[in-house]
Amino acid sequence: MRTALLLGTLALGLSACSVTVRPNLGLQGSGSNLITSLRPDRGEGSTYAVGESVRFVVSTRAAGYVTLIALQGSEASTIVRNVYVPAGTTVFPRAQDGVTYNVSTPRGLQRVRAIFTRVRPTSDLVLRGTYDEGRWNATSTAYLQPYAVQDRDVQETYLYIR
């Protein structure tokens with residue numbers, strides 16, 4: 001009887017709990033830690049309604065060049081290409097860019113990846129169209145391949161669109 005009462009109490013207690021599982025979306029960077037932070041302006045995992053503006057906060061240990069790419073559903077796009085940033089924190093879009101980033105459909109998870117190089121990239125990373133996880137990762141890796149490990153870094157963040 002005592003065991004049944006204990007199990008019943010435990011079941012009631014656990015039924016009031018909710019478990020949230022966050023997918024592991026982080027990347028294994030170059031190990032150089034050149035990017036110290038990447039997040040949407042409301043914080044990683046935040047929610048935005050279709051049409052709302054979003055900004056991305058990127059902090060780096062050194063001056064260099066940032067490219068931001070996004071994967072939303074199976075659609076990939078380039079947000080920023082080879083933009084010079086000083087060491088410290090930069091918010092995209094920058095005032096001088098004269099644009100806003102407004103979220104759009106499809107609703108759900110959007111991943112944003114920052115690619116950083118200390119030297120000016122010799123090519124542009126332009127993503128348009130349909131990408132699966134493998135193709136998106138392969139494209140990022142191929143883009144970084146020419147640069148020394150200590151001169152490059154990759155970080156990823158995410159947000160939700162409702």
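## A walk through the rings and cores

Start by selecting Tyr160: with a relative accessibility of 30%, this residue is partly exposed. Keep in mind as you click around that you're looking at a predicted model.

**Aromatic pairs**

For one of them, pick Phe56 and Tyr101: the ring centres are 6.4 Å apart and the planes make an angle of 40 degrees, a tilted arrangement. Colour by strand and you'll see that this pair ties together distant parts of the chain, with Phe56 in strand S4 (residues 56-60) and Tyr101 in strand S8 (residues 101-102), 45 residues apart.

Tyr158 is buried, with 7% relative accessible area, whereas Tyr160 is partly exposed.

**Charges over rings**

Next, select Trp136 and Arg113. Arg113 lies over the face of the Trp136 ring, 3.9 Å from the ring centre. Then try Tyr131 with Arg135, whose charged end sits over the tyrosine ring at 3.8 Å from the centre.

**Into the cores**

In soluble globular proteins, nonpolar side chains tend to be buried together. Which residues touch the most other members of the largest nonpolar core? Select Val54, Phe56, Val66, Leu68, Phe92 and Leu159; the core has 22 residues in total. Strands S1 (35-40), S4, S5 (64-72), S6 (75-85), S9 (108-117) and S11 (152-161) each give two or more residues to this core.

Zoom in on Val66 and show what surrounds it. Beyond its neighbours within four places in sequence, Val66 is in contact with Val58, Val80, Arg81, Asn82, Val83, Val85, Phe92, Ile115 and Phe116.

**Last stop: a loop**

Finish at Asp97, in the loop between strand S7 (88-92) and S8. Asp97 is partly exposed, with a relative accessible area of 26%. Show its side chain together with that of Arg94, and you'll find a polar contact of 2.7 Å joining the two.

Technical notes: Residues numbered from 1 in each chain as written. Predicted model: local features only at pLDDT ≥ 70, side-chain atom pairs only at ≥ 80, totals over all residues. Heavy atoms only, no water. Phe/Tyr/Trp six-rings, centres within 6.5 Å; stacked < 30°, edge-to-face > 60°. Helix = DSSP H or I, 4+ residues; strand = E, 2+ residues; numbered from the N terminus. Buried < 20%, exposed > 50% of the residue type's maximum accessible area, 1.4 Å probe, protein only. Lys NZ or Arg CZ within 6 Å of the ring centre and 35° of its normal. Core = buried A, V, L, I, M, F, W, Y, C linked by side-chain atoms within 4.5 Å. Contact = heavy atoms within 4.5 Å. Polar contact = N/O pair within 3.5 Å; in protein donor to acceptor, adjacent residues only side chain to side chain.
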